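Please look over this model with me before we discuss it. My notes follow as numbered points.

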Amino acid sequence: MSHTSMDPTKMGVGRSIAVLTSGGDAQGMNAAVRATVRVGLYTGAKVYFVHEGYQGLVDGGDNIRPATWESVSMMLQLGGTVIGSARCMDFRGREGRTKAALNLVKLGITNLCVIGGDGSLTGANQFRTEWSTLLIDLLKAGKITKEEAKRSSHLNIVGMVGSIDNDFCGTDMTIGTDSALHRIIEVVDAITTTAQSHQRTFILEVMGRHCGYLALVTALSCGADWVFVPEMPPEEGWEEHLCRRLANQRARGCRLNVIIVAEGAMSRDGNAISSEDIKKLVEKSLGFDTRTTVLGHVQRGGTPSAFDRILGSRMGVEAVMALLEATPETPACVVSLSGNQAVRLPLMECVQVTKDVTTAMAERRWEDAIKLRGKSFENNWNTYKMLAHINPPDTKSNINVAILNVGAPCAGMNAAVRSAVRIGIIQGHNMLAVHDGFEGLAHGNIEPITWTGVSGWTGKGGSELGTKRVLPSKYIEEISLTIAKFNIHSLVIIGGFEAYVGGLELVTAREKYEELCIPMVVIPATVSNNVPGSDFSIGADTALNTITSTCDRIKQSAAGTKRRVFIIETMGGYCGYLATMAGLAAGADAAYIYEDKFSIRDLETNVEHLVQKMKTDVKRGLILRNENCNANYTTDFIFALYSEEGKGVFDCRKNILGHMQQGGTPTPFDRNFGTKMGSKAVLWITEKLKEVYRHGRIFANTPDSACLLGMRKRALTFQPLADLKDQTDFEHRIPKTSWWLKLRPIMKILAKYNIPLDTSEHAHMEHVIKKKLSVPEPLMK
């Protein structure tokens with residue numbers, strides 16, 4: 001592509017971009033607005049806010065105002081949309097759209113960035129297609145001159161989907177979905193504690209008129225007994241099935257039943273199923289004490305999660321690039337994330353598939369509706385069905401699977417253990433819990449673990465099994481004796497870098513100890529996200545949200561004091577993931593990490609940058625430093641340097657966040673991710689055991705019988721531990737390459753550094769329609 005040589009800081013010179021938010025609000029819209037404004041200004045373009053959505057576009061005047069760098073400051077942590085959103089009838093009529101076109105032409109705006117749901121985006125596309133005819137009408141009426149018409153001959157449009165329902169096809173996650181899940185899970189956790197006190201059935205109704213995503217992920221994240229979603233109405237006779245299921249759970253010793261209902265839930269014959277209907281059914285048939293809670297607008301409220309801020313920021317960058325690279329021939333696009341990659345999708349194809357789902361539901365083609373929703377929805381549905389609707393078999397497999405936690409504790413470990421245990425029991429295996437990592441395995445600290453033994457574990461932070469950093473190499477002899485004594489046929493190792501290294505040590509010891517020739521799988525779980533073979537590890541999302549909310553509070557304090565710079569030290573070992581992502585999510589001025597080498601010159605530049613910043617309206621600074629980014633430039637050193645150099649201009653404070661980053665309740669992402677990883681690992685083990693079963697015994701010594709289960713770009717994949725050695729820097733306990741390093745320039749640009757942005761690796765337009773039924777498994781938000 002020819003534009004690669006172009007200087008991105010000059011790409012937008014002479015162009016104008018307007019940004020508007022429309023439709024229902026969603027947390028994270030402000031992050032998208034902020035990024036669009038700042039990246040637009042970075043490219044040299046003029047940027048305008050359109051207040052009150054399409055209504056402001058039609059009314060013009062003071063509703064369309066120039067945006068400045070400072071005007072989007074402190075927006076990141078606010079929910080909703082700061083520039084306002086309105087449902088607009090005027091824009092639906094041609095007369096309204098003509099007025100809107102006039103307002104844009106007069107300001108010379110030919111690039112429009114729309115953040116909203118599918119209705120808002122469809123409206124934007126219609127506006128674009130009839131643009132030339134609107135100009136002709138304005139010319140005829142003498143409202144614009146020929147020069148003005150020529151200057152604005154073409155309108156570029158790019159969309160970002162802001163909708164808490166996640167109901168837009170082609171996009172893994174829409175802005176606001178993750179935050180809405182945070183709100184729902186907070187409520188579920190609160191309800192769970194009261195319901196545990198009395199034996200109760202709770203029915204929770206969540207938003208989602210036509211889309212069951214929120215309901216489905218909530219059900220997975222809290223281990224609900226039943227979920228009602230519009231895409232897949234329950235089968236005939238569900239009333240009896242539901243009551244039988246609730247009674248079974250009670251008989252097994254569960255004190256609590258949870259039923260999740262999407263507001264658009266219906267039965268096969270098209271009648272609505274409300275939370276009230278279900279309550280009456282349960283009370284009448286079972287006599288259970290039942291309560292309903294309808295969540296309503298709570299789900300739209302509150303501060304955006306770290307994921308939504310990063311999603312909004314990355315999409316804002318991509319949106320500006322898409323606008324400035326668009327030609328009259330390129331179709332209007334939406335920018336989105338697929339896995340962890342930014343993608344551009346033709347807007348109308350996405351709208352079409354979204355409509356196809358509605359059609360499929362109306363024609364009662366339920367299986368199709370779920371497939372059209374995309375791979376992640378389908379995987380969520382299958383995992384839910386397996387965990388909630390399959391009863392353990394009567395025949396046992398006589399297979400013993402042991403599960404252990406290794407390394408430092410992190411949120412989400414328990415969710416992975418729970419789903420591994422339950423899927424194992426469903427497969428007919430005996431599940432064994434190993435306490436205290438490899439040390440516990442060596443000392444035989446092992447006991448059987450049952451279905452109810454893991455009840456309620458999804459939402460528990462830390463590690464219920466207990467975990468240790470000890471590596472197996474010094475205990476190999478004892479470990480092989482334990483494996484023989486307990487007749488262990490397979491190992492599930494859940495943990496951080498030590499789990500990976502420990503797995504490798506066991507594989508190496510297979511030559512000497514035949515007992516270790518059993519299938520093993522490592523599931524990465526660590527706040528540091530430093531395990532090779534996976535883009536994400538369980539626990540990192542929770543830690544990131546903890547750091548981000550702490551930074552929010554610190555920024556608030558700094559904003560009150562004025563002229564204050566905070567230096568915050570994060571965990572992560574040598575891995576800069578937490579510092580970098582928290583920098584993006586909290587709007588930091590710099591993040592020092594080991595992977596991105598820095599010198600005293602860089603520190604000087606950063607101090608000078610803050611001195612300049614103090615001359616603007618934004619009189620505060622936030623600096624993040626990874627704990628091991630540099631042996632000599634310690635947090636104390638950086639604090640001292642900034643204090644000295646900032647004398648008379650700003651003062652400094654420092655915070656070391658420490659172990660609070662390992663604690664806390666797991667976020668919806670970590671619960672869901674842990675649940676999927678646990679279940680996928682055990683299903684893999686079941687297949688592997690069939691492969692390696694010969695002459696009445698299990699013998700596994702090939703590299704592919706000891707794997708790490710990781711998230712790679714868009715898919716969950718099993719990779720032989722031995723193959724990952726080349727990708728590992730063992731001395732610093734990090735992978736040799738990391739996908740998130742390419743997000744660092746975005747953080748710097750959003751902090752007003754005029755650094756070069758590599759536009760050569762920009763997202764190409766991808767099609768949704770052709771490939772929709774064969775999309776690889778995306779990120780499992």
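The points below go from the overall build to the sheets, and then to single residues.

1. **Overall build.** This is a predicted model. The protein has 24 helices and 27 strands. Its radius of gyration is 27 Å, close to the 28 Å that the globule rule gives for 781 residues, so the protein is as compact as a globular protein of that length. Along the principal axes, the C-alpha atoms fill a box of roughly 90 × 70 × 50 Å.

2. **Inside and surface.** Of the 781 residues, 63% are buried. The protein exposes about 28900 Å². Carbon and sulfur atoms supply 51% of that area. Now take the contacts with a separation of 6 or more: residues 24 or more positions apart account for 80% of them.

3. **The seven-stranded sheet.** Seven strands form an open sheet in the order β3-β2-β1-β4-β5-β10-β11. The pairing is mixed.

4. Look at β5 (residues 156–161) and β10 (residues 333–338). They pair in the parallel sense, over three bridges. Met-160 stands opposite Val-335 in β10. As a reminder, strands of a sheet pair through backbone hydrogen bonds, either parallel or antiparallel.

5. **Helices on that sheet.** Helix α1 (residues 29–42) lies across β1, β2, β4 and β5. It runs at about 175° to β1. Helix α12 (residues 347–362) also packs on the sheet, where it touches β10 and β11. The direction of α12 makes about 80° with that of β11.

6. **The four-stranded sheet.** Another open sheet has four strands, in the order β19-β20-β18-β21. Here the pairing is parallel. The edges are β19 (590–592) and β21 (651–656); each has a single partner strand, so one side of each lacks a neighbour in the sheet. The twist averages 20° from one strand to the next.

7. β19 and β20 (residues 620–626) run parallel and are joined by three bridges. Which residue in β20 is the bridge partner of Tyr-592? That partner is Arg-625. Helix α21 (residues 600–613) packs on the sheet and touches β18, β19 and β20. Its direction makes about 160° with that of β20. Helix α22 (residues 635–645) packs on the sheet too, touching β18, β19, β20 and β21. The direction of α22 makes about 165° with that of β21.

8. **Strand β24.** Six of the seven residues of β24 (residues 706–712) are buried, so the strand is largely enclosed by the rest of the structure. β24 pairs with β17 in the parallel sense over three bridges, and Val-521 stands opposite Cys-707 in β24. With β25 (residues 715–720), β24 pairs in the antiparallel sense over six bridges. Arg-712 has Ala-715 of β25 as its bridge partner. β24 and β25 form a hairpin with two residues between them. In the turn, Lys-713 has a positive phi of about 50°.

9. **Two asparagines with positive phi.** Asn-487 is not a glycine, yet its phi is positive, at about 55°. Asn-487 lies in the loop between α17 and β16. Asn-529 also has a positive phi, near 50°, and sits in the loop between β17 and α19. Are these two buried or exposed? Asn-487 is partly exposed, with a relative accessible area of 43%. Asn-529 counts as buried, at 5% relative accessibility.

10. **Cysteines.** How many disulfides does a search of the whole structure find? The search finds zero. Take Cys-88: the closest cysteine sulfur, in Cys-113, is 18 Å from its own sulfur, too far for a bond. Cys-88 is buried, with a relative accessible area of 10%. Cys-254 is in no disulfide either; the nearest cysteine sulfur, in Cys-222, is 13 Å away. Cys-254 is buried, at a relative accessible area of 11%.

Notes:
Residues are numbered from 1 along each chain as its sequence is written. This is a predicted model: local features need pLDDT of at least 70, side-chain atom pairs count only at pLDDT 80 or more; totals for chains, interfaces and linings use all residues. Side-chain values use heavy atoms; hydrogens and water are left out. Two strands pair if DSSP finds at least two bridges between them. Axes are lines fitted to C-alpha atoms, for helices over the stretch in contact, and angles run from 0 to 180 degrees between N-to-C directions. Contact means heavy atoms within 4.5 Å. A disulfide is a pair of cysteine sulfur atoms within 2.5 Å. Buried means under 20% relative accessible area, exposed over 50%, partly exposed in between (1.4 Å probe, protein chains only). The radius of gyration is taken over C-alpha atoms; the globule rule is 2.2 Å times the number of residues to the power 0.38. Accessible areas come from the Shrake-Rupley method with a 1.4 Å probe; for residues, only the protein chains shown count as cover.
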